[in-house]
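Open the model in your viewer and keep the selection panel at hand. The tour goes from stop to stop, saying what to select and what is there.

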Amino acid sequence: MKMKKYLQTLFLASFLSISAVNANDFDYQLKTVKVAQDTYVFEGSTEDFSFENGGNIVNTGFIVTSAGVVVIDTGPSLRYGKQMREAIKAVTNKSIHSVYLTHHHPDHFLGNQAYKDVKIHALAETSVNIKNEGAGFTDNLYLMVGDWMGGTDVLAPSATAKEGTVSIGGHELEVLPYSGHTSGDMALLDHTTGVLFSGDLIFHKRTLTTPHADIDKWLATIKSMQTLSFKTLIPGHGPISHDKNALVEMVDYLTWLDKALTKAANDGLAMTDVMRLNLPQRFMGNAQLKQEFSRSVIHLFAKYELRAFKRLN
Amino acid sequence: MKKSVLVISLLLFSSLISAHELAKDPLSSVQWSDMYRAFLKEYPAEFDDRVKVLAPDFAEDPMNVPITVDATALGKVKEIVIFADFNPIPLIAKYYPINAKPRLSFRFKIQQASPVRAAVLTEDNIWHVGGVWVNSAGGGCTVASTGRLVGDWSDYIGDTYGKRWSHADYNRIRFKIHHPMDTGLVTGIPDFYIEELEFSNAAGENLATILLYEPINENPVLSFDLQGSNLASPIRMVGDDNNGNEFEAEFVK
C-alpha cells in the first residue's frame with residue numbers, strides 16, 4: 001500500500017515535471033509587427049532549432065489586401081501555421097487569399113497544413129525539392145524540436161509561381177525567381193508598399209546557412225537584388241531593415257567564405273582544421289557564426305579540396 | 001594469525017581486481033567495457049587528454065563525419081585504434097605510424113549518437129584513450145552508397161586524387177580514393193571496403209600502414225603526416241579491398 005502510494009506520487013511528480021517543461025502549451029507567442037502599410041511580420045529568433053523555441057527561428061509575414069490576406073511562408077510546424085492564422089485573425093477579418101513560399105527549407109513551409117483551403121504558390125524547383133526532401137526534413141525537425149511538431153506532415157504546394165507581377169487586391173506583387181541559397185529561391189517584392197520579402201537569400205545579423213547553397217549563384221543573385229528598389233527588407237532570418245546594408249554584408253561573408261575555403265584546401269587542411277580557423281572580427285556580430293561556419297565546412301569543403309587535388313594514378 | 005592471512009589475501013585479491021579494473025569512462029558510455037574487451041584487452045588502458053579527437057558535436061552529415069586524431073603529444077606510438085561505441089560496426093580504423101606523425105584525418109559514417117574514440121598504444125604497451133561524443137540524427141551506416149544508387153561505382157573504383165605538402169619534418173599527403181565502402185548493413189549489398197593502405201618511400205622504407213573498416217565514408221578522403229629517412233623521396237601508396245581489388249598511387253614532391 002505504502003509502495004503504491006509512493007509510485008503514485010512518483011508518477012504524479014514526473015507528470016508534473018513534464019507539464020512544467022511544456023508550461024507554455026506549445027504556444028509560439030507570435031506577435032504581429034506592422035512593418036509597412038497593410039504589411040505585418042512574425043519575427044523569429046536567430047537561434048538554431050531547439051526544444052525551447054519549437055523551430056520559431058524564422059521570419060514569416062502577411063499582406064492585408066482588399067481581396068484577402070497574402071501569406072509569405074508558413075513556418076516550421078502545423079502548430080505554427082495554425083497560431084499564425086489565429087494571429088492574422090486578430091489583425092483583420094479578411095479571409096486568407098493565398099500563400100507564397102520562398103523556398104523548400106522546413107522552417108518556411110511545414111505550416112502549410114494550416115492553409116490547405118487556399119492556393120499555396122511556390123517556384124517549380126521548390127515543389128520538386130519539397131517532394132524529394134520534405135519527408136526527411138520533417139523527420140529531422142521532429143528530432144530537433146520534439147512535440148511542437150505534433151501532427152505536422154508535408155503538404156505540397158498547389159500552384160506554380162511564375163516570374164512576373166500579379167495584382168492582388170490593390171497590391172502589385174512581383175515574384176522574383178532566384179537561386180543560390182537553394183536551387184529555387186523566391187523573393188517577393190510588393191511594389192505598392194516597397195516591401196521586399198527576401199526569404200533566405202538574405203540573412204541579417206545572423207550567419208547564413210549552406211546545406212543546399214551554391215556560392216557563385218548566390219553572389220550573382222544578390223548582385224541582381226542590388227538593383228531592386230525597396231523601402232523595407234524582410235530577411236528570412238534576423239531583423240528587418242530599410243537599406244541595402246544587409247545585401248552588402250551577405251556579399252562580404254559569401255566572398256570571404258569562398259576565399260577561406262579555397263585557401264584552406266590549397267594549404268592542405270582537413271575539415272576539422274578548417275572548422276577551427278579563427279573567424280574575422282567583423283562577422284562576430286552575426287548570430288550562430290561559429291556553428292554555421294562549421295556546418296558550411298561540412299556542406300562545401302569537399303568540393304574545394306577536390307579542386308586542390310590532382311589525379312595520382 | 002588467521003585474521004592477518006585473511007587480510008593479506010583480501011589485499012592481494014583486491015590488487016588483482018584493480019589490475020584488471022577499467023578506468024572510469026569520462027564519456028559515461030555503457031559500451032566502454034565491451035569496447036575495451038573487443039579491441040584493447042591485451043594491455044591496460046588509461047584516459048589521457050594528450051590524445052586529441054577532433055570531431056564536430058553534431059553529425060551534420062551522418063555519412064561524412066570529419067575526424068582528426070592527434071597523438072603527437074605522446075611522442076612515439078605503435079598503433080592507433082579508432083572506434084565508435086554505438087556504431088553497428090564500431091571499429092573504424094587501425095593506424096600504424098611506423099615512420100609518421102601519430103596524427104591522421106578522415107571522414108566516417110555514424111549510425112546514431114556515440115562516443116568516438118582513439119586508443120593510442122605507446123612503446124611501454126599502455127593504451128592512452130581520448131574521445132568525444134558526436135550527436136547524430138542517425139542513419140549513416142544503413143543507407144546505400146551513392147555509387148550503388150547510381151550504379152556507376154565500378155567505373156571509378158580506385159581512382160585517386162590528392163596532393164602532397166612539404167613541411168620541415170614531415171610530408172602531409174591528402175587524397176580521395178574512389179570506393180563504395182559498403183557496410184554490408186543494407187539488404188542485398190554485401191560489405192565491400194578498402195581493407196589496407198600502405199605507404200612507403202623509394203627506398204622501400206615503410207612509412208605507415210592503415211587498416212580501414214566498413215564505417216569509413218564512401219570515396220574516402222584521408223590525411224597523413226609521413227616522415228622516414230628521406231623526405232624528398234616520392235611516396236608510394238599500395239592497397240587492397242576485401243574483394244581482392246588492388247590500388248596504387250604515387251605522391252611526388
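Which strands, in which order, make up the open sheet of 7 strands? The order is β13(A)-β9(B)-β10(B)-β13(B)-β6(B)-β3(B)-β2(B), and the pairing is antiparallel. Strands (E, at least two residues) and helices (H or I, at least four) are DSSP runs, numbered from the N terminus. Two strands pair if DSSP finds at least two bridges between them.

A note on what is on screen: this is a predicted model, in which local features need pLDDT of at least 70, side-chain atom pairs count only at pLDDT 80 or more, and totals for chains, interfaces and linings use all residues. Residues are numbered from 1 along each chain as its sequence is written, and chains are lettered from A and ligands numbered from 1 in the order in which they are written.

**Stop 1**

V53(B) stands opposite V69(B) in β3(B).

**Stop 2: where the chains touch**

Now select the residues of each chain that are in contact with the other (C-beta atoms, placed from the backbone, within 7 Å). The selection holds 19 residues of chain A and 27 of chain B. On the chain A side, the elements that give two or more residues are α4 (124-145), α7 (271-275), α8 (289-308) and β13 (310-311). The most come from α8(A), with 6 residues. By type, this side of chain A has 9 nonpolar, 5 polar and 5 charged residues. Here Ala, Val, Leu, Ile, Met, Phe, Trp, Tyr, Cys and Pro count as nonpolar, Asp, Glu, Lys and Arg as charged, and the others, Gly among them, as polar.

**Stop 3: chain B**

Of its 253 residues, 43% are buried; a residue is buried if 20 or more other C-beta atoms lie within 10 Å of its own, exposed if 12 or fewer, and partly exposed in between, with C-beta atoms placed from the backbone.

Select β14 (residues 235-241) of chain B. On one side, 7 bridges join β14(B) to β11 (residues 194-201) of chain B, antiparallel, with D241(B) as the bridge partner of I194(B). A further 6 bridges join β14(B) to β15 (residues 246-251) of chain B, also antiparallel; here M237(B) has A249(B) as its bridge partner. The hairpin of β14(B) and β15(B) has 4 residues between the strands, and G244(B) takes a positive phi near 85 degrees.

**Stop 4: helix α6 of chain A**

Go back to chain A and select residues 245-266, which are helix α6. Its 22 residues reach 32 Å from first C-alpha to last, close to the 32 Å expected at 1.5 Å a residue (1.5 Å times one less than the number of residues). Which residues of α6(A) are buried? They are A246(A), L247(A), M250(A), Y253(A), L257(A), L261(A), A264(A) and A265(A). Seen down the axis, these fall within an arc of 135 degrees, so they line one face of α6(A); the arc is that of the directions from the helix axis to the C-beta atoms. The face turned away carries the exposed N245(A), V248(A), T255(A) and K259(A). Packed against the buried residues are β11, α5, β12 (232-237), α7 and α8 of chain A. Just after α6(A), G268(A) has a positive phi of about 80 degrees.

**Stop 5: the largest nonpolar core**

A nonpolar core is a set of buried Ala, Val, Leu, Ile, Met, Phe, Trp, Tyr and Cys residues joined through C-beta atoms within 7 Å. The largest has 73 residues, and those touching the most other members include F62(A), Y100(A), L188(A) and M250(A). Helix α6(A) gives the most to this core, with 8 residues. End on Y100(A): leaving aside neighbours within four places in sequence, its contacts are V70(A), I72(A), H121(A), A161(A), M186(A) and L188(A).

Conventions: Two residues are in contact if their C-beta atoms, placed from the backbone, lie within 7 Å.
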